[in-house]
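Please look through the sequence and the fold shown here before reading on.

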Amino acid sequence: MKSNKTSLCFILLAACIIISSCITLKQPEKPTLFLIGDSTVKNGKGKGDGDLWGWGSFISDFFDTDKINVENDALGGTSSRTFQTNGLWAPVLAKIKKGDVVMMQFGHNDSSPLDDTARARGTIKGIGMESKNIYNPIKQKQEVVYTYGWYLRKFIDDIKAKGAIAIICSAIPRNPLRDGKVVLVNDPYADWAQEVAHAEKIGFIPLNQLIKDKYAKLSATQVQMFFTEKDHTHTNEEGAKLNASLVAEGVRTLKLNQLKRYLK
């Protein structure tokens, strides 16, 4: 009888070992930081073509990528409007899951015309509920265009509906050099971005001001080293790396936000 019980115990133990070896423990899926924005976040394919770089190409250097994924889905030439209406936002939104973070930076192209034949990418100035019915010559159809703030809120609503976290960055300042001097000016889009973030109770990184504060301590020669010679908007590699470091600094100061736990 004792021998039978011993045999049964060995059989049960062997069965447990076999079952345990067949069970694959599913590791919790890492969260993802998604970036959306224009060419100052990712220029071209994000490989520095023409020495034009966006800060999104370097932001992963400041995060522990063993714990969080970083995906840069920004596209040059887009505004808060055309990132949505040209079908760029939908595939990003489809990938977003609960616990992910979406960081957005728009504004540079929102001041463009609403209905020109070149891009038709502008938005109505401000953050109100105004709208305008226009004929879009690019798409050759009527389109209702809304304010800059309206499009930002649409991003935020979509992100929250997925159980994810939205963060707004104000757009980087353009090259501030004027006649050999650093001339720092106010950007209304930076103010509007902050107003929307505060109204929607989401994280806000005052990137525009953080960069200007940095420039204010430097000479004109030093500031010029952050920009390409091709235009007055795009940064080179050094400028993009500086901006990425300031985004990380902004993340570190955010309150009640889990993203900063993934910083190095």
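## A buried threonine in a loop

Two residues are said to be in contact when they have heavy atoms within 4.5 Å of each other. In this predicted model, Thr147 touches Thr123, Ile124, Lys125, Gly126, Ile127, Gly128 and Glu130, when residues up to four places away in sequence are not counted.

Thr147 itself belongs to the loop between strand S5 (141-146) and helix H4 (148-161), and it is buried, with a relative accessible area of 0%. A polar atom of the Thr147 side chain also lies 3.0 Å from the backbone nitrogen of Trp150.

## The nonpolar cores

The largest nonpolar core has 36 residues, and those with the most contacts inside it are Trp55, Phe63, Met103, Ile205, Leu207 and Leu259. Several elements give two or more residues to this core, among them strand S1 (32-37), strand S3 (101-105) and helix H6 (207-215), while the largest share, seven residues, comes from H8.

A second, separate core has 25 residues, including Leu93, Tyr148, Phe155 and Ile156.

## Salt bridges between separate parts

A search of the whole structure finds six salt bridges. One of them joins Asp73 and Lys95, with the closest N and O atoms 3.9 Å apart; because Asp73 lies in the loop between S2 and helix H2 (82-85) and Lys95 in helix H3 (residues 89-95), this pair ties together parts that are 22 residues apart in sequence. Lys95 is partly exposed, with a relative accessible area of 43%.

Another salt bridge links Arg81 to Glu143, the closest N and O atoms being 2.9 Å apart. Since Arg81 sits in the loop between S2 and H2 and Glu143 in strand S5, the pair connects parts that are 62 residues apart in sequence. Arg81 is buried at a relative accessible area of 0%, and Glu143 is buried as well, at 10%.

Which residue forms a salt bridge with Asp100? The partner is Lys97, and the closest N and O atoms of the pair are 2.9 Å apart. Asp100 is buried, with a relative accessible area of 0%, whereas Lys97 is partly exposed, at 23%. Elsewhere, salt bridges that share partners join Glu71, Asp73 and Lys95 into one network.

Note on methods:
Residues numbered from 1 in each chain as written. Predicted model: local features only at pLDDT ≥ 70, side-chain atom pairs only at ≥ 80, totals over all residues. Heavy atoms only, no water. Helix = DSSP H or I, 4+ residues; strand = E, 2+ residues; numbered from the N terminus. Buried < 20%, exposed > 50% of the residue type's maximum accessible area, 1.4 Å probe, protein only. Polar contact = N/O pair within 3.5 Å; in protein donor to acceptor, adjacent residues only side chain to side chain. Core = buried A, V, L, I, M, F, W, Y, C linked by side-chain atoms within 4.5 Å. Salt bridge = Lys/Arg side-chain N within 4 Å of Asp/Glu carboxyl O.
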